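Hello, and thanks for asking me to look this one over.

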Amino acid sequence: MRSSPVRRNPYIIGRPINEPELFVGRESIFRFVEDNLRRGEKVILLDGQRRIGKSSVLRNIPKFVALDEFVFVPFDLQDYSQEQLSSILVALAKEIIEHLELDAAKIRLPSIAELETEPYIFSSKFLPQVYEALGEKNIVLLFDEFDVLDSDYLVAVFEDFLPYLQSVIELDNKLFTVLFLGRESPDMPNFLSLFKDAPYQEIGLLDEVSVKRLITKPSKGILEYEPDAIKAILELSGGHPYFTQVICFAIFGTARDLDNWTVTRADVESIVDKAIESAEAGLAWFWDGLSLPEKVVFSAAAAAQKIAIEKADKIPEDPLKLLKSYGVSRTDSLVQAAEQLVKRGFWDDKTRKVKIELVRRWLVKRHPVEQEVDELKKLEKVEIQTVNSRSIGGQLSAQKQELAITVIPSNAPGVKKRVLLGTVAVIGLISVAVGLGVYRLVTPCPVGENKELAFFCIADTRINISRGDRTLFPNTKNTNRERGIAAFKKGNYSQSAQFFKNAVADNRNDPEVLIYYNNALAKQQGSPVTLAVVVPVDNREPIAKEILRGVAQAQNQFNQKGGLNGRLLEIVIANDVDKPEQAKQIATELVKDKSVLGVIGHNSSDASKQALDEYKLAEVAMISPTSTSTSLQGDNFFRTVASDVAAGKQLAEYARKFLDLNAVVIFYNPNIPYKDSLREEFTKNFEKLGGRIVRRIDLTEPKFDSEIEVAKSLWRDKAQAIVLFPDTQNTDVALKIATANAQQTARLKTSPQNPQRQGLKLLGGDTLYSQTTLNGGSEDVEGLILAVPWFSQAPQSKNFAIAAAQQWGGPVSWRTATSFDATQAFIKALSPNPTRATVLRGLKNINLSDTQTSGYPLQFTSEGERQSEAILVKVVGDKFVLLESQK
């Protein structure tokens, strides 16, 4: 396609997109904002990586959110990071008047001096004047991101302005705000606790359809992209809007220089170096925000992928394994660095690939692994701290020493270091043992602590286990909790209990502090009865807290009634990160602690499977409130959640008998065997009733395309419904399938050729039973039917739901209910002098009434299954409702 040689490059890099005609995608974000404003939500949080397009979204909210009763005012807080509250409020007032084009002569601006004396005149005097000028309209303040790395930055914003904003918004029914967060601010945990109940949505990578529009729309009528060229751009950018623009900017510039306006895959490949040069400033933030271990692992991941490409290997080598060939041993810090890269969305640990190909090529070019390993070697240090002699015979507060050598040089001088260290340790041990006696040499450490220098019990930071001596939720800030932990460590349980009680008052929604409060009381009372609960804190923090709320509520209820003959219940909290290897390690530690009579957990079925093997050997009872896989079996295993047998059967029977479905397709992840039993049970029961599974589709296929698969299911397979069984890592894929189905359904409604054809119905498992499904799926999940373990609006559940809401200050999830039941079962199994054996025997005969549980009677079958059925709910509007057949 030919055109004049002088053309302005239509692609935008380096600034937010203000032009609505150039803005593409993000429809779900705009719907999320619009829906929450309609519902009267005063604060809305949007979050995402830097350069992901948050500022562009902010600038386009007023243009794409169709609400006549609201006006929008953008305001960049970073411009006022070092200003006092009074200065920020004056600037905000000016921006409101200027942006809304109000008559400044009729509205009196407050002065800095007036606001320093009384800051609330902004809300009591200035805003009422604005509302009068606007008539019936409400104001939505749009605050741009403030995710800088400097910990001294934005002090006034976090300490003064945001708390002030929260207090004003609570009292002013015409003032709303949308806050755009970043992920790097050290004060972000405090910020999130300030607005903890606000609806939240992530601004992530663009979907494939939006990326294609971003590529073709700006240059429509000028550039002609071949389909394979578009695919090449998608592969390079990974759906990241900034890098898509960078690549297309370079493509357009080259096309203009050559006067060649048709783009091929070869053209895309030819501009990669040019695109990298253009993106250097943007690429730098990927790098500057990383720790040194993260940089080393990231470079190694890029190098491993390069090697795999050269060898035509499908899966690259583990970057930590590759680092060994450079003399770098596997350490906790490197493992955590790899996990952090996954959390940040930079690296996919399943495929072992850098998520954005352009970034990978930049890493190989600018940050080769050899260079980063050299940087690591420069910082190699081994510090040997001497034991404080004054602590001997008194209160010991030794810190764990990091003696592991990260880098192993080729001449291995570390061997000499270890010999020297061993000699020092032996000499020290002999001298100290004389003073302390043999007692500490043979006494085992409490769970979660290890021997150092053979006799000191020091908290093992690799094993996240706590009775009250540390927090597992450092991002949740609470000063009284920290004071309680300090007193607990010293053995001052009376003082600790008071601090933890205050911490509960500070944040009634936090179950950890309520558990620690009861643990301090139990320690103070003496001879506590001990259970453990294992939750996935690091990567499933909301789920972890949901589980802990149920445990804490049952513990608190039991202890308030005096416990067991005066012995109060103590709960040990452990974090297994929802990973099998960590779950096994946690189980091993809990088994060693003979005071632990039973374990509530683990969360996922694959984590539970690994832990169960350890508990079986020690005959420790385990009750999982969340693991549903039918592969979990054993004399010591019980669960308070309906198994996949019950859920699969219930869902299949409803599909055949009530919906009259004959043919369905199933979307699932076949790579996680312990999460596949729900699909097996549904299939077995559906086929037994005469139904057909016309196709089983792998959600994790690299070339998976939701639109194509839904179209095939509807037209080729003649399916009547989609059944979604994703694992927790792929719920976003399931929502994309729902969106593709909604689009197909909309086309059918307007098609004169298929007036009678209906779209596909949606069914699924409890993985999709969350607010994320309602928020992320919006209207696309309307009518979705799920089999769930517990539902707060069911008649049987309402009493517990009300009591739990009063306890925690808001509604609770099904995990809270089933965890409460698990704790109640253990409490019921206690005898006057309980042991692991008596508790295990007692569980086999449990019979709890509906008033003692979350709403349903509790008995276990001989296989440890709960005698109950799953509950079916349906998405109607923006909430889940109980199906009529269940009422």
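This is a predicted model: local features need pLDDT of at least 70, side-chain atom pairs count only at pLDDT 80 or more; totals for chains, interfaces and linings use all residues.

**Notes on packing, rings and backbone**

1. Helix α21 crosses helix α22 with a left-handed sense. The stretches involved are residues 479-489 for α21 and residues 493-506 for α22, and the two pack at an angle of about 165 degrees with axes 8 Å apart. An angle over 145 degrees counts as roughly antiparallel, and α21 and α22 are therefore roughly antiparallel to each other.

2. Sorted by class, the contact of α21 with α22 holds seven nonpolar, five polar and three charged residues.

3. From α14, the residues P293, E294, V297 and F298 meet S333, L334, A337, A338, Q340 and L341 of α16. The contact of α14 with α16 divides into seven nonpolar residues, two polar and one charged.

4. How many aromatic pairs does the structure hold? There are 23. One of them joins Y242 and F243: the ring centres are 5.1 Å apart and the planes stand at 70 degrees, so this pair is edge-to-face. Y242 is buried at a relative accessible area of 10%, and F243 is buried too, at 0%.

5. F682 and F725 make another edge-to-face pair, with 5.9 Å from centre to centre and 70 degrees between the planes. F682 belongs to helix α28 (residues 677-688) and F725 to strand β20 (residues 721-725), so the pair ties together parts that are 43 residues apart in sequence. Buried or exposed, then, for F682 and F725? Both are buried. Elsewhere, ring pairs link Y11, F252 and W261 into a cluster.

6. For the backbone, please check the peptide bond between G601 and H602, which is cis with omega about 0 degrees. H602 sits in the loop between β15 (596-600) and α26 (605-618).

7. Which phi values are positive in residues other than glycine? R26 has phi near 65 degrees, and D259 has phi near 55 degrees. R26 is in the segment before α1 (27-38) and counts as buried at 10% relative accessibility. D259 is in the loop between α10 (241-258) and β7 (262-263); its relative accessible area of 24% makes D259 partly exposed.

8. N565 lies in the loop between α24 (541-560) and β14 (569-575) and counts as exposed, with 65% relative accessibility. N565 and N833 are 268 residues apart along the chain, yet 9.8 Å separates their C-alpha atoms.

Methods: Residues are numbered from 1 along each chain as its sequence is written. Side-chain values use heavy atoms; hydrogens and water are left out. Contact means heavy atoms within 4.5 Å. Helices (H or I, at least four residues) and strands (E, at least two) are DSSP runs, numbered from the N terminus. Ala, Val, Leu, Ile, Met, Phe, Trp, Tyr, Cys and Pro count as nonpolar, Asp, Glu, Lys and Arg as charged, and the others, Gly among them, as polar. Axes are lines fitted to C-alpha atoms, for helices over the stretch in contact, and angles run from 0 to 180 degrees between N-to-C directions. Angles under 35 degrees count as roughly parallel, over 145 as roughly antiparallel, 65 to 115 as roughly perpendicular and the rest as oblique. A crossing is left-handed if the near helix is turned anticlockwise from the far one by less than a right angle, and right-handed if clockwise. Rings of Phe, Tyr and Trp (its six-membered ring) pair if their centres lie within 6.5 Å; planes under 30 degrees apart count as stacked, over 60 as edge-to-face and the rest as tilted. Buried means under 20% relative accessible area, exposed over 50%, partly exposed in between (1.4 Å probe, protein chains only).
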